[in-house]
Structures are given as C-alpha cells and as structure tokens.
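These are my notebook entries on a structure that I looked up. I record each item in the order in which I checked it.

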There are 4 protein chains.
Amino acid sequence: MSRFSQPPEAGFRRLNDSISFDWRLGPYDVQQSRAHVTMLAAQGIITGPDRDALDRALGQVEHELASGSFELAAGDEDIHMAIERRVGALSGAVGGKLHTARTRNDQVATEVAMFVRAHAHEARTAAARLAMTLVELAERHLDWPMPGYTHLQRAQPVYLSHHLLAYVWMLVRDRARFRHVVDATGPLPLGAGALAGVNFDTDRAFVARELGFASVSENSIDAVSNRDFVLDYLAAAATCATHLSRLGSEIVLWSSSEFGFCRLADAWASGSSIMPQKKNPDAAELLRAKAPRLTAHLVALYGVLHGLPLTYNKDMQEDKEPLFDAADTLETCLAAAHGMLASITFDRERMEAAASDELLAATDVADLLVRRGMPFRAAHGVVAGLVRTAVQQGKSLSDLAPDQLEAASPLLGDAFYEVLAGHAWLESKVSEGGTSLERIRQQLRRARAALAPA
Amino acid sequence: MSRFSQPPEAGFRRLNDSISFDWRLGPYDVQQSRAHVTMLAAQGIITGPDRDALDRALGQVEHELASGSFELAAGDEDIHMAIERRVGALSGAVGGKLHTARTRNDQVATEVAMFVRAHAHEARTAAARLAMTLVELAERHLDWPMPGYTHLQRAQPVYLSHHLLAYVWMLVRDRARFRHVVDATGPLPLGAGALAGVNFDTDRAFVARELGFASVSENSIDAVSNRDFVLDYLAAAATCATHLSRLGSEIVLWSSSEFGFCRLADAWASGSSIMPQKKNPDAAELLRAKAPRLTAHLVALYGVLHGLPLTYNKDMQEDKEPLFDAADTLETCLAAAHGMLASITFDRERMEAAASDELLAATDVADLLVRRGMPFRAAHGVVAGLVRTAVQQGKSLSDLAPDQLEAASPLLGDAFYEVLAGHAWLESKVSEGGTSLERIRQQLRRARAALAPA
Amino acid sequence: MSRFSQPPEAGFRRLNDSISFDWRLGPYDVQQSRAHVTMLAAQGIITGPDRDALDRALGQVEHELASGSFELAAGDEDIHMAIERRVGALSGAVGGKLHTARTRNDQVATEVAMFVRAHAHEARTAAARLAMTLVELAERHLDWPMPGYTHLQRAQPVYLSHHLLAYVWMLVRDRARFRHVVDATGPLPLGAGALAGVNFDTDRAFVARELGFASVSENSIDAVSNRDFVLDYLAAAATCATHLSRLGSEIVLWSSSEFGFCRLADAWASGSSIMPQKKNPDAAELLRAKAPRLTAHLVALYGVLHGLPLTYNKDMQEDKEPLFDAADTLETCLAAAHGMLASITFDRERMEAAASDELLAATDVADLLVRRGMPFRAAHGVVAGLVRTAVQQGKSLSDLAPDQLEAASPLLGDAFYEVLAGHAWLESKVSEGGTSLERIRQQLRRARAALAPA
Amino acid sequence: MSRFSQPPEAGFRRLNDSISFDWRLGPYDVQQSRAHVTMLAAQGIITGPDRDALDRALGQVEHELASGSFELAAGDEDIHMAIERRVGALSGAVGGKLHTARTRNDQVATEVAMFVRAHAHEARTAAARLAMTLVELAERHLDWPMPGYTHLQRAQPVYLSHHLLAYVWMLVRDRARFRHVVDATGPLPLGAGALAGVNFDTDRAFVARELGFASVSENSIDAVSNRDFVLDYLAAAATCATHLSRLGSEIVLWSSSEFGFCRLADAWASGSSIMPQKKNPDAAELLRAKAPRLTAHLVALYGVLHGLPLTYNKDMQEDKEPLFDAADTLETCLAAAHGMLASITFDRERMEAAASDELLAATDVADLLVRRGMPFRAAHGVVAGLVRTAVQQGKSLSDLAPDQLEAASPLLGDAFYEVLAGHAWLESKVSEGGTSLERIRQQLRRARAALAPA
C-alpha cells in the first residue's frame, strides 16, 4: 500500500532511478544491513530468530552479488530497494523488519562514506606503488644530467633522478590528502533516521565499530545532509590527477623527436590508422587529459550542493556518478602511470647533450662574480651582456675573447672559461633539496622513509 | 604487421580503449563509410566492384548494429576498428580498401559532428514540445493571480500565465542556441586526412551533401583539431539545463506546504522509505540538480582543449563521454519537465490568497502619488513610511486611519483605500510585456508564432 | 644591462605585469628578505655591514608599505622588483646583494605560502566565531519546535536548536580542513633557487624557523613547481562557502512570507528602489551566491596547473588573483553570516504551527505498529494507506474514525490518537545525535568542546 | 524615509555594495536614463521642462564620468544610486522623477546587455585584427615546410602557412559566435519594471531604438530574470581564449631550444631574475594560462543561476565581476597575441630540417602501394614492417636495400626511393583544404573573404 494512486511514469523513472549506477553500493549495503540487524537484536528491537533469518537472507544476497547472480526486478529503483525486496523474498514477512530504525537517507550516506573510505585507501596504495616506481627509476638514473626547464626554456642542468623525485613528493602529499579523506569518513551517519534520529534506543557506537567508522555523527540533520567527504575525495583525486597530468605532459614532450629524451615501450604506445611510422604516447596523453574530468566531477558536486536547503534532497543522488567515475579514472591512471614508467627507456646521450648547453652555466658565472665581491644584481647584468654579445655574434660563451671579458668585468679572467668547461654546474648546487648528488642521495633516503608503511 | 614488437598491456588498454562508449557512433560510422566508398568509386580511386563489395558489407554491419547482433572482438579498441574488422571479415581483402584516403582523425571528427547535429535537432524538438506545454498551461491559467517575487519576497502580483510564459521565452532562446549548434557542425571534416589532406583527388563536396553537411572544412589541420561544435553543444545544453533547474527549483518551492501553490501527479512524485505521509517532488529536484552536471561536462572539455597543441591529440578522445552523457541527460530532463508539467495541478485559492497581500500594492500607491504630481522618489518615501507604521503597529495598510494618511501626504485621500481595495494591481501593468491580461494575450500569440515550425 | 635590445611593449606589459595585484605580498616579501639577509650573513655569504645596510633599507620599506607611502615606479612589473629597486635606492650598491642565492621562483612560492597560511588561520578564527554564534543561538532557542524537511517537504519535527547545530558541525569540519591547509604550507620553498638549488651553502632550516615554516622542501624542482597549498586553500574555502550558501539559502526561504520563520534586522536587509514595502534578505542571498565564485577560483587554478610541465612557468602567476579574491570573499562572508545571525529574530509561533502538522507524526504511528509486532515495511504501508484516505477525504489524520483504523490494522486502536495528540514526536527521537532535548544538550556540550581553543 | 529603522551595518555593506565594480556601467546608465527621460516626456508622463532639467543634469553627470571628476558619496551602494543622487543634487526635486516607471531590476539588466553588446563588437574587431595578422604571416611564409604533428609526434609535413591558417578559421568561428552574442542582447529589458511591467503607458520601442536594441523583451518576468546574454558572452570568450591558449602553447613549444622554430621579439619576452641567459616566452605562456580563468568565470555564473527562482534575486549581482574581468582579459589577450605575432621570427632552416625526416613520407609510400593495387590496410602493414626494420637497424628508410623491399612487397621497387627522395610529400596533398600550395592559395582567398567587413 502506498499513499499514491498512480504508478510512476516511465519518463519519471528514467530521470529518477539510480539502480543503473548505485548497484556498486550493493556490497556495502549488505555489510551495513548485517551490522544493523545484529545491533537491533542486541538492543531488543527485533528478536534473535528475526535476526538470524535476516542475516541468513543477507548472506545469501551477499553471495549473489559477489557471484553476479543477483537479479534485478522491474520495479527496483535503487540497490537498497532491490536488496530489501530480495531479503523479503528469501525470508518472508520478517524481511519487512530490516528497515526498522533506519531510512534510505542515513543508509545511503553511510554506504557512500564506506565507498569513499575504501577508495581513499586504494588511492593511497596505488600512489605509493607509483612513487616507489619513481624512486627506483631515480636510483637507476641517479647521475644522468638533463636540462632543468623554466618557461620550457633550458635553465640549469639537473640530474634526471632529481626531476623524477619531484613527482614523488607530489605523490607523498597526495597520500596525506587521501589520509584526510579517510578521516573525513570517520563519523557514522547510520542511526540518524530520516533526519531527526529514530524512535528506538539504538547502539550507534556498536554499528560504527562493526563497519570501521571511527565515531558517530553528532547531529542527525547534518548526518543526512553532509557530503563533505565526497567533496574531499574528489578534491584529492583532482589534485592527484593534476599531478599525473603534468607527468603525462612531460612524457609527451620528452617522447617527441625534438626532445628525444625517452622511449615508451611498444606495449604502452599506439600506432596510427594511417601513418605506418607513428608511435604515439597515447597513455601519456590520456594521463594529461583525465585531470579536467576529475576537476569537473568536483565542480559538479559543488554545484549540486550549492544553496541546497537542509536536510536530504533528491539532488544529492547526483553525488554518486561523479564519485564512482572519479575513483575508476584515478585508479586506472595511477596504474597506467606505473606501468608506463616501469617500462620506459631514457636516452642518456640526448639528455646529456641538451644539458651541455653552455648558456645553462650563466648563473654560475654570475655567482663567480658574486664570490669575487660583485653584488648579484650587477653580476647578473654583466653576464646578461656577455650572453647578448655571444647570441648576436652567433658564438657560444666560451668563444668570447679575453678582452671581451675584460671589458665586461676585470673580475672574470680565466675562471670564466673554467666555469664553462668544468661542467660542475650540477655538483655546485649543494643547498638542501638541491640537485648535487649528495643531496639527491639524502632525498632518496627521505623519500623511501616517507613511503614506508606506517 | 605493425611497427610494434609487443601487444598493448592490459593497463594501457584500460586507459586507452574507447569501445565501451564510442559504440554509440556506430551508425554514423557506417553512414559515412558508405558515402566515402561511393565517392572513392566515383573518383576512380577504387573500382565499381570494390565499391559494391564494400557497400554490401557495410549494409550488413548496419543491419547488425540496428538489430543488436553486431559482435565485438577482443582486440577492438574502438568502434571504427571494430567495423573495419567486420567489413574485412565480410568482404575479404577488399575490406582493406575502406580506409583509403581516410584516417581515424577526420573520421572521428565527422562522426562526432553528426552526433552533435542529430542531438541539437533533438533538443530543439524537445524544447518546443515543453514550451508548447507551458503555453497551453498558461492558456488554461490565464487569469489566475499569484504573487510575483523578487528576492523570494512577494513583490507585485502577476498572473500565473505570465510567470509560466517566462520559461517559454527561455526555451525559445535555447532553440535559437541549438540552431547555432547545428550551423557549427556545418563544415565536413572528412577528407582532411590525418592532418594535411590526402594524396588523392577526392570529392569532399559530394560526401558533404550525402551526409548533410553544409560545406567542407577549409583547412585540414583545423578540421582534425576542432571540437568547437562540441563546446557549442555543451554550452547550449548547460544553459538549457540551467533554465530547467530554475523551473525545477520553483516547483519544489511551490510544492512545499508553506507555498502550497501546486500538486504533482502521483506518477511524478516519490514516497519515502520511512515516512508514510511523504510525497516528494523528486522529478523537480532532479531537474534542478542536473544543471551542474552539464556545466561540468562543458568545463571538462574546455579543460581538455586548453593549451593543446595542434593537431589531433589523444586527449581529444575525452570529448565523447561528456557529450554523450550531456545529450542523454538533457533529453531526459526536457521529457521529464514536459511530463511533470502536463500532469501538474495548481491551487487557485492558495495562490490568490497570497497575491491579495496588500503590501503588494505599495508601488501602485506610490504611482498614485506620482500621477498626482509628486516625484517618484518622494512618493516611494511616503509609502515606505506608511508601510513602516503599519508593520510596527501590526496593521495592514488599509487599517491606517485617514489622519495618518493625511500626515504622510495630503495627496493620498480616499484614493488610497480605493487602490488597495481595487485589486486592479495586475490590470494596471499595461506596458508592453507587462502582466495585464491584454498584454498576456498578445504574448501568447507571439509565443505560438515563435514556436511555429519554420 | 640586459640580454634584451628592446624594452617591453605596452601590450606585453598589460598582459604580463602583476604589480596591480601582487602588491598584497609586499609585507611577506620584506619579512622573508629580512630572514634571508640574516641567514646570508650568518653563513658568511654577505658581510655583517652588508646585512645591516640591507636590513635597514628593508625596515624602511616595511614602514613605507605599512603607512601607505611606498611609491611604485613606472618600470615595476611586480612587487618583488619594486621592493628590490627601493632597497637599492635606499642602500646603494649593496642593494644588489639582496638577491644573492635567491630567485623570484622560490621567493614567490614562499610568499604565497605565507599568505595562504595567514588566511587559513584567519578562516579558522572566523569560522569559530560564527560557530559560537550558532551555538549561542541554539542555546537561546533550545526547545523551539519547527518542521524538519526532506525534499523541502515537512518530514519530522525537530527543535530549531538542532537544526542550527547542523551548521556548527559543518564549520567544525571546515576548521579541520583549514588546519590541513596550514600543514600544507609547512615546507619552505625558499632556497630552492630557480629550480636546482643554489651555489651557496645556505641554512634553509634557519630561514624556515624565522618565517614560521615547519620544515624545508625536500626537492628544489618540486619547491618552485608546487601550488598544492593554494589548491588546498581554495578547496577548503569553496567547501566552507558551500556550507554558507546552504545557510543563506535557508534564511532566504525562512524570511519569505510563506515560511515566515525569521526576520532579519533592518541593518542586515535591503529595500527596493521601486517597491516601498520590500525588505529583502540581500545578505543571505549573497552568502548563497558567493559559493560558485569560490568554486570557480578553484577550477581556474586546476585549469592552469593541468598539464603544465615542470618547473616554474609563467602560467603560475595566475594563482594569485583567485587566491586573493577567495580569501577576501570568504572572510567577508564569514563575518557577514556572523553579523546577520547575531541580529536575527525567529518567530516561535509560525514555526510551532508548522511543526504541528499531524502528518509529521506518520513515522511515529508506523513505529507504534512496529512496537506492537508488525514488520516496519508493513507498518509503513498501513500508515501510507491512512494518509491517502485522509488526504482524499480532506481530513486530518486524527479525524479518521475508529472503524477506519480498525480496517487498516487492529493493532492501532486508541494509541493512534494518543500518538497524534501527544506531540511527543520530538522527544521520542532518543537515539544518539537525535533531536530529543537530552541529546541536544549533549550535542551542545560537544560542540563547545570542539570549538574550544586547542 | 525608508521602511527601515536602522542603517545598514558595515559588514553588510562590505558584502552588499557593488559600487567598487559597477561604476563601469556609469556611461550606460546615463545613456539609458537620457533615453528613458525623453520617452517619459513624449508619452506625457513627465513634462517638457522636467525632461529638460533631468537631461541637463544627466549631461553634466556624463561629463563628470568621462572626465573622471564624478565623486562618490559615502552612502552610494551602486552606480545607479550614485547617479540618481547626483542628478538630484544638480536638478533639485525634479531629480526624484528620474526613476518613474523604472526600477533597478530592468535598469541593471539593460546596462549589462549594453556592456555585453559593446564588448562583443570589440571582440569581433580584435579577433579580425589578429586573424589578419595571421593571414599576412601565412602569406609571408607561404612555402616554408615544417612537420605537422599528431600526438606531438611528427606525422606529415605541412607548410607553415597552412598551420597558421588553422588559427584563422578558429577566429572566424569566434567572430560568428560573438555575432550571436550581439543578437542575444537584442531584446530591451527596460520597461519591465520590477518584474510585472509598469503602471504607465510607456513606449519601449522608442527606447529600444535610441539605445540600439533590436526589439523589446516579450515578458517582464523573463526580462529581469534573464542573464543568458552574459552566459553567451562568457562562453564565446572562453572558447576564443581556449583557441588562444592552443596558440600560446605552440609558441612556447616552438620557442624552446629543442624545437627552435621561432624567436619572439625582445619586446615580447622576459628575462630571469637570476639566470642571465634566459629569454622567456611569458606572453605566450599567459595566453595559454588565461583560458581557465575565462572558463571559470562562465562556471561561476552558471553556478549563480543554477536553481535560482524567478525573478530578480540579489545573487544576480554576481554576474558583473566575471563579465568585466572576462572582457578585459580577452581584449588584452587578443591584443597581445596580435603584437606577439606581428613581431615574431621563424627559423626556416630548423623547420625545414625537421620536416625532412623521411619517416614523414611513410603514408606516401603506403599510398604508392595503394595506387599499385594493394588495399590500403595491407599497404599500411607493409610500410609499418619496413619502418620497424629500419628503426631496429638504426637506419633511415632510404638505407633499406632493394632486396629488403622486395621481400616486403614486389610492388615497391625503385619508386620507393623516388617517393622518399622527391620531397613532393606536401604537394601531393591535393585534396580540398589540404596543404598543397594551390590549396593554400585558395584558402588564403577564402580567409580574406571571410574576414572582409560585411
């Protein structure tokens, strides 16, 4: 019996039903139903035999979901109703007791929190795996020089290891962010009822413990209105994907003929339908391309929640598809980045040649003048003048004649040629976090420590 | 034979393959392949018998796609390859000629343009249908007074018909916007080759005519790099969905006990899993909630295209899922808005009572003073003072005593009470586009004209 | 001397210069320059007299910035250059030593981190202030009944205090989020040089301590490429603003004639330029309207960083305007929400009348049946049937005759009327986090504890 | 006199006042006030002398605004009130008649439409200017070969002119889009009153003509609720900026040492604060970086309008800052792109060398086989195999021995070497829109025609 005299229209169901995507919450639905039923019996709200019958039916549903044999019925608008229907079919009238002291509002919030928590953990694991791949890659290419770029212009030489480790620290931050996401799923919504609490003396702390929640939500209205943890997950995912997009973008660049710094394994590249010679870095391009998708999912949910009066509104059903796709996309990307990098090859010769560009030593020449007493800003001006002369005359810096140097500054002298010839530009970056080998070795130790299981 | 020595990794395929969503382009793929083959033969690039064999195979694929019997193979990374594979299986070696003078780059751009065009037309049709429903609703509730709101405060009375017609003009603009989208799909990409044109003397104008394109793209590089028409579609869809979100939001408000202006049909409402009395306006809420989803799809594609070097990059594969979901969502929403409104009931009594609030006549009282020679700004001040007195004394305006009026302005007199009593506030809005009945009748005629098939 | 032979074009400067907005970093720039200079001298990189001269000049600049007497010159493209220029003018040639072992890349990253940290602390303070206002408001309206809504339909009665406290828990989470933002600004970028570290043996840990950083960035490339902390701030701000938008939206609703639950103070409302009677909740509307602005700032920065190769790129200059406006907007909103709520008045009568709607007791009637042994799902059906009958017959639930009840379920009996009459619906919500007074008192204690200064 | 007993709080004004940005609407405000006053007199709503007095005062305000001598008063919350206040000060009591039959709601909508229209025209002009610069650049580099890229991999050679022209067609589309924006500002909102029309028999068509509107809005509620034209402007601007971001991104790439295809003029580049050798493409980077800013402005306004009930709500004040900044940013970018390209230099040698990569002829070799009867898909496989062999043996294609060719396909023969040696790969792209010189000349004619003033 319902208060309605007409069944829902097809057009309404097309808009309204969520079963086509929320089936993914099935396992969480069963898990929390089992905890709920156990608690109801422990509190004397249902009987022991009722609990056993419900638990048996739920166990059967769990099995059906896992094995893919769970069948949907025409009227199932969402997975919660589908499971309750099936429990009823398996257990008879007692099935109607499953929803005692519970509503879809707190139920859905709980399951979404469980999904978020599981996938935040998954992201942490996958990020660590990728970071370790980068650490190992850095170790294998410890002293391979390459140009460091600012504005995509060669700026100063660095070691490839140093460059790769930059991504490790991004992933370390990503892991911390997902740790906060786990914390954000801490308070259990279940037990909040529709919005006001329930008419039964439930034991929410017990259910929280059973389901891995750290606490119990403090306010029933907030409990069913809150999707902050989804926002937190989506923001963490968008930031992580943005990091991967920078990595992807660099691999695309480095794979070009012009850079020629790396080669992807054939198994991580694509051909062309028309150009037989092409080997395209599709995986790297897609790593780059997926970040806006995740950002968009975050924007979508901010949009849905914007200005929404409390408590639960149907609008909040729009939290699920962005979340599910974000988790799938992020996990696919983290795995693909790992696979792509685990099989990549770098070209030492090409990188080293690019890093030998004498202009990259200009700062070191200026610093030479600083050490000889000239203020940095003046030294910068002297060297800029020399660069300008060299560029205009089509020469490299070391082609400049001693009298040209003398005219620029009497402080330069032969040391000028030594700085250029020495190629010690990398090892001079001795400051903490700098690119000298000793500092990189220190960094590798710290990176391994940061990634060690807690 | 391929230039690659390794097959693609599973993790790569998970990221890279598009067959799980681009199967939707199948019918367009066949259609353009048939036009392409006809052209190749007409230009002497393939023979007549080759054309016939290919066309037969394509006809068979078309049939299989339509009947759902088309089978995917394990290696199919996208629908284009799947169809070419199937054509090969059906026609033998000649199948290898299908891809002559064509690439996936111009092929995909063409099919996406065809999809966009078809769904822009569909949106125009569905928007017209919804607009006509609103026109008819306006006609049936022509002279039902209700409060017009600014800042959600009752401002001035209007007729329900006038309020409903506001949405009609939004939809008329939406239709114009989708008309521009159709135009944006005008130039045919096919024939651009990978990016540079092709080595054959093709007849692109013929293919354009066959496939319903208005012209031929002028620059092969632009042709394969361009997704403006998808942006245009997504922007039009986001704007239309934003209009629907305002409509949905108002229906939610009006369905509340506090407003009580309308009742949804049972077939367009939901119950609660826990509260037996609830009748929830889920359809209206979801109309409201879908707009951020479409906006997000637009943002995602802007993000993907941002800073992307020419010409085709794999990133552009990310145009499809947002587009497909946008089309599905918008069409579902337009249909649902139509169904919801076609079955809605308004409560004349509740609306009229709300519209009778005397405060809504305050502007009319001020205008009375203007007509009697007082500058508007001074008249506004006089009436504001009366309102303040009335509110402070817990009275309605007509309860104010003649001496109170006299003290405020000698220009008021009995006409003050007449304005309040007359309830002629609606009919006094005689300006073009205003809420007087004559103006609304004029508006209805214009709305019907604007929606008439061209 | 520069390597350039032409001065920048006006059109280039219009696009490129940042002085029109980055002047806000001035105080941070001076602060870090002073710490840098102290460190340079302590490490023997500059002399004591040099340090003193630079520090004196910096002190003068600090004074000029604070007093508004700092003057910009025509060539100042950003605040860093302006300050360095002014230091040079004040100190002579030694001014050229200020930029030793430092670059604009690590300098800007450092100052932006300092700005973020300062404003994350500010947001924590303002959020706590607003939350305390809500706690006090809840205490003053502890037992005022009102309807709780789902889908904007009256669902179950709650106390106003309970509803207001829902926002407190949102703000508690916001404060935790801004705490993470503070942590994200922990590692000091300064000392990373342009990207590779510097040629001097600097003491970064010293500078970190001086400037309030918790540690030193581990990788110089990451240090100048990283803007995660800005993303983190913007995400926290967008989420907080989204909470405020829900609050604003509810105040707009509650201020309407239809709800009539609250009245804003005149000092927090606006009139109309035309309608003398209007009192508009502009502040509440703007609280609602600002959330998309902050979300957009977040989107903008995600967009800028998407696919950006390491290390510093000029694109990153686009981090500042969104950040600055986000901080200003959020702080204005938090303060306005506080002011608006500190002066709001609620209408007990209107709220209580709305909460007395008998339909709100439907769940309680169903729970009565559950307690008498009927499975919840069946009880839900029985009560839904009664609601349907009552609605169809234009009656309230308590108007239903005993035989009608008997027909629906023999378990109901007189208790049915007692439940409806008892108005004990609020006090029956005894579950943890529920709306019964005892639970709310518990909640108030916990909220005060959560907001207590650490 | 106001209905309020308290003046607005400072915190409220900080949130609420718009004068700090809407002063930009000043000139439009005066313009429409003058038209409004003329109409009021013509309709007999005010007298001729009143009109003259108001018009004189408005003329004075216009002069003060243009000369920068207009002074704000402490109470001015927006520019409309400031101007009305000033008109009152200049004209005495008659100033109070200015607001007859008009409200801030229709006034603001009208002025924003005027702003949008003016800047849509401005964007059209600036886009045409940039496009003509590109056309001329293409003409000057008509036959300079360079590699065309897909996936940033060299794909097929094209002429630089062809590549540059791709951007012309994007700008042609942008111009069409801004043309639609102009159309979208067609209907005049003024005369809609607060929302319901006005109590006077106004002549809206006259005002429309005076102010350059094409028609009169059909529905007063829609007139004050509608901001579609701002959305349309922002979408057009975001798309145009996205085009510029792709251009900027390519200039960044091409300016790198690795590509070395172009050099920016010194006046359009920046140095480094630390590295004396650096010449950074800041203008190109900022062209790239601005697109997300404009997209974000669009998102912000979609967010504001989402779910907003009719009619005017204060939230809509949030339309202005995104709009103003979008117009400024877009116009700065279009001008900068023009300036940057007008002074750019290309390096024919570097481009030609890159275009001579034999692998770029692979498709042509495959097409050779097609012409000799082999199906394309088979030909693709044959050439892919040759590429694989060459790459594995570290040879170029023309190093392959005749017997290697023979083994691959007897159809190849000497023609293989001729295709590779011929460098006729560009001229073979004879299809419409292709890169052969004849086709480019045709394209140049069409581009000039498309850009010709209508």
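How many salt bridges are there between chain B and chain D? I found a count of twelve, where a salt bridge is a side-chain nitrogen of Lys or Arg within 4 Å of a carboxyl oxygen of Asp or Glu.

**Entry 1: basis.** I note that this is a predicted model, in which local features need pLDDT of at least 70, side-chain atom pairs count only at pLDDT 80 or more, and totals for chains, interfaces and linings use all residues. Residues are numbered from 1 along each chain as its sequence is written, chains are lettered from A and ligands numbered from 1 in the order in which they are written, and side-chain values use heavy atoms, with hydrogens and water left out.

**Entry 2: chains B and D.** I looked up one of the salt bridges: Asp222(D) pairs with Arg173(B), and their closest N and O atoms are 2.8 Å apart. I then found 67 residue pairs in polar contact between chain B and chain D, both residues at pLDDT 80 or more. A polar contact is a pair of N or O atoms within 3.5 Å; within protein, one must be able to donate a hydrogen and the other to accept it, and residues adjacent in sequence count only if both atoms are side-chain atoms. Helix H10 (residues 228-255) of chain B gives the largest share of the side that touches chain D, 13 residues. Helices (H or I, at least four residues) are DSSP runs, numbered from the N terminus.

Entry 3: The size of an interface is often given as the accessible area lost when the parts come together.

**Entry 4: chains A and C.** I found twelve salt bridges between chain A and chain C. Arg177(C) forms one with Asp228(A), at 3.2 Å between the closest N and O atoms.

Definitions and conventions
Helix = DSSP H or I, 4+ residues; strand = E, 2+ residues; numbered from the N terminus.
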